[in-house]
Amino acid sequence: MDHELLFPALSTMIALSVYYSQGIFVALARKKHNIQPPKTQGNEDFERVFRVHYNTLENLPTFLIPLWFFALLVSANIAGWLGLLWSVGRIGYMYGYYKSAKSRHSFGSIISYLALLPLIVGSFWAIIVGLLQ
């Protein structure tokens with residue numbers, strides 16, 4: 001593997017670790033609030049923990065695909081930093097949403113979306129420029 005790709009690889013693994021830890025939090029919340037699978041409703045505190053995990057799953061493809069296109073076509077280093085920023089934002093989103101549903105659009109949520117934007121735009125740009133050459 002190209003050494004410069006190790007940084008986006010690390011940010012990918014950190015993002016997956018955030019998602020994995022959220023799954024553990026769902027299991028703990030199920031036990032705490034006595035929500036038996038396959039139920040996903042019944043206690044508002046549990047539902048928020050569940051939604052954070054599920055929302056992160058929904059966002060992973062939208063994040064991981066442009067992260068790797070950006071790393072391969074634009075800059076692996078910048079992709080790694082933006083990947084780390086995305087994970088920090090997801091952690092902030094998680095803690096905000098755990099407090100209240102209204103807090104899900106917190107600073108953490110904004111950070112993750114701001115980190116995602118250059119990955120998407122930069123990937124599109126690199127692909128289009130590459131096709132035009």
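**Exercise 1. Decide whether Tyr93 and Tyr97 are buried or exposed in this predicted model, then classify their ring pair.**

Solution. 
Step 1. Tyr93 and Tyr97 are both buried. The cut-off is a relative accessible area under 20%.
Step 2. A pair of aromatic rings is described by the distance of the centres and the angle of the planes.
Step 3. Apply them. The ring centres of Tyr93 and Tyr97 are 5.7 Å apart, and the planes stand at 70 degrees. Planes over 60 degrees apart count as edge-to-face. The pair Tyr93 and Tyr97 is therefore edge-to-face.

**Exercise 2. Find how many aromatic pairs the whole structure holds, and classify the pair of Phe63 and Trp86.**

Solution. 
Step 1. Searching the whole structure gives seven aromatic pairs.
Step 2. Take Phe63 and Trp86. Their ring centres are 4.0 Å apart, with the planes at 5 degrees. Planes under 30 degrees apart count as stacked. This pair is therefore stacked.
Step 3. Locate the partners. Phe63 belongs to helix H2 and Trp86 to helix H3.
Step 4. Check burial. Phe63 and Trp86 are both buried.
Step 5. Look for a cluster. Phe25, Tyr95 and Tyr98 are linked into one by ring pairs.

**Exercise 3. Work out how H3 and H4 are oriented, and what kinds of residue form their contact.**

Solution. 
Step 1. Helix H3 covers residues 76-99, and helix H4 covers residues 107-132.
Step 2. Their axes come within 6 Å and cross at roughly 155 degrees. Angles over 145 degrees count as roughly antiparallel. H3 and H4 are therefore roughly antiparallel.
Step 3. The handedness of the H3 and H4 crossing is left-handed.
Step 4. List the partners. On the H3 side, they include Ala79, Leu82, Trp86 and Tyr93. Among those they meet in H4 are Gly108, Ile111, Ala115 and Leu119.
Step 5. Sort by class. The contact of H3 with H4 has ten nonpolar, five polar and one charged residues.

**Exercise 4. Summarise the whole chain: its elements, extent, burial and contacts.**

Solution. 
Step 1. The chain has four helices and zero strands. Along the sequence, the pattern reads α-α-α-α.
Step 2. The C-alpha trace spans about 60 × 30 × 20 Å along its principal axes.
Step 3. The chain has 133 residues, and 41% of them count as buried.
Step 4. Take contacts between residues at least 6 apart in sequence. Of these, 68% join residues at least 24 apart.

Definitions and conventions. Residues are numbered from 1 along each chain as its sequence is written. This is a predicted model: local features need pLDDT of at least 70, side-chain atom pairs count only at pLDDT 80 or more; totals for chains, interfaces and linings use all residues. Side-chain values use heavy atoms; hydrogens and water are left out. Axes are lines fitted to C-alpha atoms, for helices over the stretch in contact, and angles run from 0 to 180 degrees between N-to-C directions. Helices (H or I, at least four residues) and strands (E, at least two) are DSSP runs, numbered from the N terminus. Angles under 35 degrees count as roughly parallel, over 145 as roughly antiparallel, 65 to 115 as roughly perpendicular and the rest as oblique. A crossing is left-handed if the near helix is turned anticlockwise from the far one by less than a right angle, and right-handed if clockwise. Contact means heavy atoms within 4.5 Å. Ala, Val, Leu, Ile, Met, Phe, Trp, Tyr, Cys and Pro count as nonpolar, Asp, Glu, Lys and Arg as charged, and the others, Gly among them, as polar. Rings of Phe, Tyr and Trp (its six-membered ring) pair if their centres lie within 6.5 Å; planes under 30 degrees apart count as stacked, over 60 as edge-to-face and the rest as tilted. Buried means under 20% relative accessible area, exposed over 50%, partly exposed in between (1.4 Å probe, protein chains only).
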